[in-house]
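Dear colleague,

I am passing on the structure that we spoke about, and I would be glad if you could look through it alongside the notes below.

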Amino acid sequence: MSEVKKSRMKPRLGQLMTQKGGMYVAEALKRADATMETLREPSLTGIDDYIAALDALLASDLDDAARIEALYARSSDIVSLSGAERNKAVQIAARSLCDLLDEADGLTPSVLAGVKVHVASIKLLHRAPDNPTLHAPILQGLASVLEKRRGEGKGQG
Amino acid sequence: MQPSQYINLDKARALIVDDNPQSLDIIVGVLTSFGLRNVVRKATGPEAQDELRYQAFDLILTNDTLPALDGYDLTRWLRREADEAHRHTPVIVVTSHTRRDQVEKARDCGANFIIAKPVSPAIMLERILWVAKGDRLFIECETYAGPDRRWRNQGPPVEFPDGRRRDDKSIELGEVGGHNMSQDELDALIKPMRSIA
């Protein structure tokens, strides 16, 4: 049997954080929220660029595997910046697109249609004010697309 | 995490690794707001390795997907091959990819925590407080080097009432694969039973 060595983690960070000075947690969070606000517009512009990149990938003639990988990377980038949106729906839609692509064996017509629906929904939700009532049917539609695709996948498997 | 709690990150040094510049800006911006002044930004795993060979850090935040060497391999390298004095450095994986198998990969590479993107300042600060306060065992064996993975049975420190509570239900995990988990779902993988303080 291999030897197991155990030692106690004593991060220096813990000692540093309790030193005199610093700030209250409430102040730290307030400052972080203000920083996030300054980064909002650049992040939204970043999402604009990633949406344009998704469109370009849908029209590109790359092979399926490369396109799936690139589409996944861009939807994942949208998730990263989606904290800037006023609604949570963009994040949910982009995650759903990640799931769809992650589970796709290839860009079959059915997968491609699903990707297009997701991209169209993200465009619709991007920069939209928070309105769960309005967004719920869109997200429900995306969930149905994903479920349908999973059903097809099981049928083929 | 109590609003009246005092924190001092003035002298702490952090290494942030992310190949998405805007994502890097967000993480660095949040950490700077917390008072962290010494922040080094890197875009690839090998660049981060070079930095880790050169100096010590008190905290590492890394994206999972990176060019050349991903965040999981970087963490594995840190735990196994970096200067011995740096091997216990807390590592938090910050990622958009939170499927069950990816969360397990983060756990098994030796990361302390996984944070789901988009980054929330409150979650970020709470996890930093957890790794700072945490007194987890560090395990080294043939197949693993990193924080004790059985820590789930201890849960986050009960001093942080906003984390999981004693009356939270245990979580039955779904099939391997599964969907990308939200931060709430990730937190639900930790079931507190007693304080680790």
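What follows describes how the two chains meet.

Please bear in mind that this is a predicted model, in which local features need pLDDT of at least 70 and side-chain atom pairs count only at pLDDT 80 or more, while totals for chains, interfaces and linings use all residues. Residues are numbered from 1 along each chain as its sequence is written, chains are lettered from A in the order in which they are written, and side-chain values use heavy atoms, with hydrogens and water left out.

Counting heavy atoms within 4.5 Å as contact, 50 residues of chain A touch 58 residues of chain B. The two chains bury about 4600 Å² between them, 56% of it on carbon and sulfur atoms; buried area here is the accessible area (1.4 Å probe) lost on putting two parts together, summed over both. Met9(A), Leu13(A) and Met17(A) supply 17% of what chain A buries against chain B, more than any other three residues.

Five salt bridges cross this interface, each defined as a side-chain nitrogen of Lys or Arg within 4 Å of a carboxyl oxygen of Asp or Glu. In one salt bridge, the side chains of Lys5(A) and Glu140(B) meet at 3.9 Å, N to O.

Strand 2 of chain A and strand 1 (residues 6-7) of chain B run antiparallel and are joined by two bridges, with Tyr24(A) having Tyr6(B) as its bridge partner. Strands are DSSP runs (E, at least two residues) numbered from the N terminus, and two of them pair if DSSP finds at least two bridges between them.

Notes: Helices (H or I, at least four residues) and strands (E, at least two) are DSSP runs, numbered from the N terminus.
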